[in-house]
Amino acid sequence: MFQLDRPLGKSSRVSKLKLASSLAEAETSGTVAGYAHLGSKDGRLIFGPKLLYTRVNVMKDNDCQELHRSAYRVNFCANSPRDSTQIVPVGVCQGDSGSPLVQGDRVVGVLSSGPKKCGYDAVPGIYVSVSTYKDFIDCVVQEDS
């Protein structure tokens, strides 16, 4: 856990997110953010200097489980939409684990694992469903307040 030196304060760019109380629906989209894995040096991962974000699409459970046998009910998959105008692939990368997937004003998932190659759409990111652990999170947050 980390603590800021001072409160952020709300603005048009900073607001409080809610935790989802239901599972992310298949074939909906959301936004995921992370710092992007740029490479390695001396055995250490190197990340970008800026927080990046992209849209991802929540996949159907059957499609997710077909690609990831380890995916089960508390997990879901999401991958980046593609179009012919994209020059550089976009999507989650190795090292983005822990990044939130947001739909509207709610965090619906936390990235558990993703492809080693950024934006590699054949391997979607696997997210833990926040709603599954919402009661536990609420309890812990209340105790720390």
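**Questions on a predicted structure**

In this predicted model, Ser40 stands opposite Leu45 in strand S4.

Q: How many bridges join strand S3 to S4, and how do the two strands run?
A: Strand S3 covers residues 37–41, and strand S4 covers residues 44–47. Ser40 faces Leu45 of S4 across this pairing. The two strands run antiparallel, and the number of bridges joining them is four.

Q: Which residue takes a positive phi in the hairpin of S3 and S4?
A: The hairpin has two residues between its strands. A positive phi near 55 degrees is found there, and the residue that takes it is Asp42.

Q: What accessible area do the residues of the nonpolar surface patch have together?
A: The patch is formed by Tyr35, Leu45, Phe47 and Leu51. Of these, Leu45 is the residue opposite Ser40, while Leu51 lies in the loop between strand S4 and strand S5 (52–58). Together the four residues have an accessible area of about 380 Å².

Q: Which residues form the disulfide, and what is its handedness?
A: A search of the whole structure finds one disulfide. Cys64 and Cys77 form it, with their sulfur atoms 2.0 Å apart. The torsion about their S-S bond is about 55 degrees, so the disulfide of Cys64 and Cys77 is right-handed.

Q: How far apart in sequence are the parts that the pair Cys64 and Cys77 ties together?
A: A disulfide is a covalent bond between the sulfur atoms of two cysteines. Cys64 lies in helix H1 (residues 61–67), whereas Cys77 lies in strand S6 (residues 75–79). The pair therefore ties together parts that are apart in sequence by 13 residues.

Q: Is Ser129 buried or exposed?
A: Ser129 lies in strand S9 (residues 125–129). Not counting residues up to four places away in sequence, Ser129 touches Leu23, Val74, Asn75, Phe76 and Val108. Its relative accessibility is 2%, and the cut-off is under 20%, so Ser129 counts as buried.

Q: What is the relative accessible area of Cys139?
A: Cys64 and Cys77 are both buried. Cys139, in contrast, is partly exposed, because its relative accessible area is 39%.

Q: What pattern of helices and strands does the protein chain follow?
A: The chain contains two helices and nine strands. Read along the sequence, their pattern is β-β-β-β-β-α-β-β-β-β-α.

Q: What share of the accessible surface of the protein chain belongs to carbon and sulfur atoms?
A: Of the 145 residues of the chain, 30% count as buried. The accessible surface of the chain comes to about 10400 Å². The share belonging to carbon and sulfur atoms is 53%.

Definitions and conventions. Residues are numbered from 1 along each chain as its sequence is written. This is a predicted model: local features need pLDDT of at least 70, side-chain atom pairs count only at pLDDT 80 or more; totals for chains, interfaces and linings use all residues. Side-chain values use heavy atoms; hydrogens and water are left out. Patches are made of residues with over 30% relative accessible area and no salt bridge: like charges are joined within 9 Å, nonpolar side chains (Val, Leu, Ile, Met, Phe, Trp, Tyr) within 5 Å. Accessible areas come from the Shrake-Rupley method with a 1.4 Å probe; for residues, only the protein chains shown count as cover. A salt bridge is a side-chain nitrogen of Lys or Arg within 4 Å of a carboxyl oxygen of Asp or Glu. A disulfide is a pair of cysteine sulfur atoms within 2.5 Å. Buried means under 20% relative accessible area, exposed over 50%, partly exposed in between (1.4 Å probe, protein chains only). Contact means heavy atoms within 4.5 Å. Two strands pair if DSSP finds at least two bridges between them.
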